[in-house]
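Open the structure in your viewer and keep the selection tool ready. We will go stop by stop.

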Amino acid sequence: MTPRPQTQLATAQTSKLLSGFDHAAFDSNAVFRALLDAMSRPGRIYDLPVNISAPDGLNEAATATLLAMADMDTTVWLSPDCATKAAGDHLKFHCGCPISKDVRQADFAVARISDDLSFVTDLAVGNAEYPDQSATLILTVDEISNAPDMTLTGPGIKDTHSLAIKDLPQSFHAWRAENHHLFPCGVDVIFASPTQIAALSRTTRIEVN
């Protein structure tokens, strides 16, 4: 039987999509555990535990984070530089998540470190009754290291911890200082280089060196 034109088109469109996790349950769980460890130990750098392809607009660690965390009940916002057709199609196909153009609706907001980050003041921070109804910011970066650019203290950190994010703008620190004072509300941050992740929880205090 010859496939109908609509079926042929759908097959062709699907074939253009990159694959997701090689072993969906195992890989998703491995990435989730790494993210959980990163959030509970702010500033520690974790290697991405899987190999994965990234669509145009996203890098590998950001893609893996979204595939592990996003689903049909979580809304994703992509910055203009991240919001390629390939990225949107990839996330819709593999996660089933809605993609919003309104950052205020985002459960996960994704941007590049070089983007205009003024949108962060519009991210949901939750409220006193439901502080969990806040956004998580995923910033794609070129490099994460333990250089002493920032000294971190707070829950999950014994004494202090050093962290450096290449090209992190000063405006980020001003926003983070305000965000920290919102506790128990506030936005959590995940830094995603191509092969590594690190996180800052809303409870983390930062001293810029």
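Start with N179. Leaving aside residues up to four places away in sequence, N179 touches C185, G186, V187 and R202. N179 sits in helix α5, residues 170–180. Is N179 buried or exposed? N179 is buried, with a relative accessible area of 2%. Keep in mind that this is a predicted model.

F172 is buried, at a relative accessible area of 3%. How many aromatic pairs does the structure hold? There are 3. One of them joins W77 and F119: the centres are 4.6 Å apart, the planes stand at 45°, and the pair is tilted. W77 lies in strand β2 and F119 in the loop between β4 and β5 (136–140), so this pair ties together parts 42 residues apart in sequence. W77 is buried, with a relative accessible area of 9%. F119 is buried too, with a relative accessible area of 9%.

Back to F172 and F191. Their ring centres are 5.8 Å apart and their planes meet at 55°, so this pair is tilted. F172 belongs to helix α5 and F191 to strand β8, so the pair ties together parts 19 residues apart in sequence.

Next, the largest nonpolar core. It has 31 residues, and V76 and L91 have the most contacts inside it. Elements that each supply at least two of its residues include α2 (24–40), β2 (76–78) and α4 (85–95). Which element gives the largest share? That is α3, with 6 residues. Select V76 and show its neighbours. Not counting residues up to four places away in sequence, V76 touches L66, A70, L91, C97, P98, I99, S100, F108 and V110. Apart from this core lies another, of 28 residues, with L137, M150, L152 and W175 among them.

Now select α3, residues 60–69. Why is α3 largely enclosed by the rest of the structure? Because 8 of its 10 residues are buried. Those in α3 that are buried include A61, T65 and L67. At the N-terminal end, N59 caps α3: a side-chain oxygen lies 3.4 Å from the backbone nitrogen of A61.

Last stop: I45, in the loop between α2 and β1 (46–47). I45 is partly exposed, with a relative accessible area of 24%. Beyond residues up to four places away in sequence, I45 touches I144, S145, N146, L163, Q196, I197 and A198. Finally, select L200: the C-alpha atoms of I45 and L200 are separated by 11 Å, though these residues are 155 apart along the chain.

Definitions and conventions: Residues are numbered from 1 along each chain as its sequence is written. This is a predicted model: local features need pLDDT of at least 70, side-chain atom pairs count only at pLDDT 80 or more; totals for chains, interfaces and linings use all residues. Side-chain values use heavy atoms; hydrogens and water are left out. A nonpolar core is a set of buried Ala, Val, Leu, Ile, Met, Phe, Trp, Tyr and Cys residues joined through side-chain atoms within 4.5 Å. Buried means under 20% relative accessible area, exposed over 50%, partly exposed in between (1.4 Å probe, protein chains only). Helices (H or I, at least four residues) and strands (E, at least two) are DSSP runs, numbered from the N terminus. Contact means heavy atoms within 4.5 Å. A polar contact is a pair of N or O atoms within 3.5 Å; within protein, one must be able to donate a hydrogen and the other to accept it, and residues adjacent in sequence count only if both atoms are side-chain atoms. Rings of Phe, Tyr and Trp (its six-membered ring) pair if their centres lie within 6.5 Å; planes under 30 degrees apart count as stacked, over 60 as edge-to-face and the rest as tilted.
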